[in-house]
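Subject: Structure for your files

Hello,

Here is the structure I promised to pass on. My notes on helix packing and aromatic residues follow below.

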Amino acid sequence: MSAPTETTSTRQPVPLPRPEDRHSRSRRRSRPLFRPGAGRQAHAGPVAYLLLALMAVISLFPLYWTIVAASTSSQAINQADPPLLPGGNLISHLRTAWREADLGKAVLNSFVVSGSVALSTVLFSTLAGFAFAKLRFRFRTALLVVVIATTAVPPQLSVIPLFQIMTSLGWYDRLPAVIAPTLVSAVGVFFMRQYLAEALPDELIEAARVDGAGSHRIFWHIVLPVARPAMLVLFLITFVQSWNDFFWPFVVLTSENPTVQVAMVKLAQGYVPDQSVIMAGALLGTLPLLLLFLVFGRRIVGGLMQGALKG
């Protein structure tokens, strides 16, 4: 009886996985097989559109009511059931408000004041924001804290000292008295500092310094192009804020040389003020801002969104 023959099977050696293969397999495992909504644009549901439409109606209703009140009579406004549709007296009331409040001069003064304040605020805030964001100097953080802390001081506390200074300078009832105290704002400095800290790479500034550029040349040729979206947003916000300012211009200006908000006081004088004419004057004072937002509204939203994405 022959002994059983032992069969030997030839086995191939199993190759060990390489380190890069293990990493690639772990990445493939961690990567989801299906991403819902990938490559498709997300659309809001009907509830979101309904809420947006409701908020738009609520936001636009004061403007619509101003048009309605300016086109009707004071008796109709004061009724228990005031009208909800515009009347036919809008043009006549606009002419009356323009004539009685001297709105031509007031609108020109408001443009001068708001434009000067907005331009100076943008320039100085960008300069200070660049310094706080990218330059290294002693007490930088402490100075920034002091600048931000000034926003906690109520502006009413500085009215009497400011009025005495403007009177001693001979600026009472003159536009420089409104422009000078608001040439720069702490909010603008902080806004530009935050934007430039994220939007302006340090490598770009270092490359410019290697090429021999100084701080002034870097600011004009590098910082300003990068900061242009934020500067536009800050300009428009400051312009609107200065246009709507009433308290300080009312203190330092008279009805002979008013801004738009001070000129509105003329329409409210008298024993029985005409509410329709007052609303017509308010409508005239709001129209320049509406035109400004219609022209630059898309850029405002784009600048804000760009700043949010960079932050």
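Which residues in H5 meet which residues in H9? Please keep in mind that this is a predicted model. On the H5 side they are Ser125, Thr126, Ala128, Gly129, Phe130, Phe132, Ala133 and Lys134. On the H9 side they are Gly188, Val189, Met192, Arg193, Leu196 and Ala197. Sorted by class, this contact has eight nonpolar, four polar and two charged residues.

As for geometry, the axes of H5 and H9 (residues 186-199) are 7 Å apart, and the two helices pack at an angle of about 50°.

Now the aromatic residues. Nine aromatic pairs turn up in a search of the whole structure. In one of them, Phe130 and Phe219, the ring centres are 6.2 Å apart and the planes are at 45°, so this pair is tilted. Phe130 belongs to H5 (residues 103-134) and Phe219 to H11 (residues 215-243), so the pair ties together parts that are 89 residues apart in sequence. Phe130 and Phe219 are both buried.

Phe239 and Trp243 make a stacked pair, with 6.0 Å from centre to centre and 25° between the planes. These two residues are four apart in H11, which means that about one helical turn separates them. Phe239 and Trp243 are buried. Together with Phe111 and Phe235, they form one aromatic cluster.

Regards

Conventions: Residues are numbered from 1 along each chain as its sequence is written. This is a predicted model: local features need pLDDT of at least 70, side-chain atom pairs count only at pLDDT 80 or more; totals for chains, interfaces and linings use all residues. Side-chain values use heavy atoms; hydrogens and water are left out. Rings of Phe, Tyr and Trp (its six-membered ring) pair if their centres lie within 6.5 Å; planes under 30 degrees apart count as stacked, over 60 as edge-to-face and the rest as tilted. Buried means under 20% relative accessible area, exposed over 50%, partly exposed in between (1.4 Å probe, protein chains only). Axes are lines fitted to C-alpha atoms, for helices over the stretch in contact, and angles run from 0 to 180 degrees between N-to-C directions. Contact means heavy atoms within 4.5 Å. Ala, Val, Leu, Ile, Met, Phe, Trp, Tyr, Cys and Pro count as nonpolar, Asp, Glu, Lys and Arg as charged, and the others, Gly among them, as polar.
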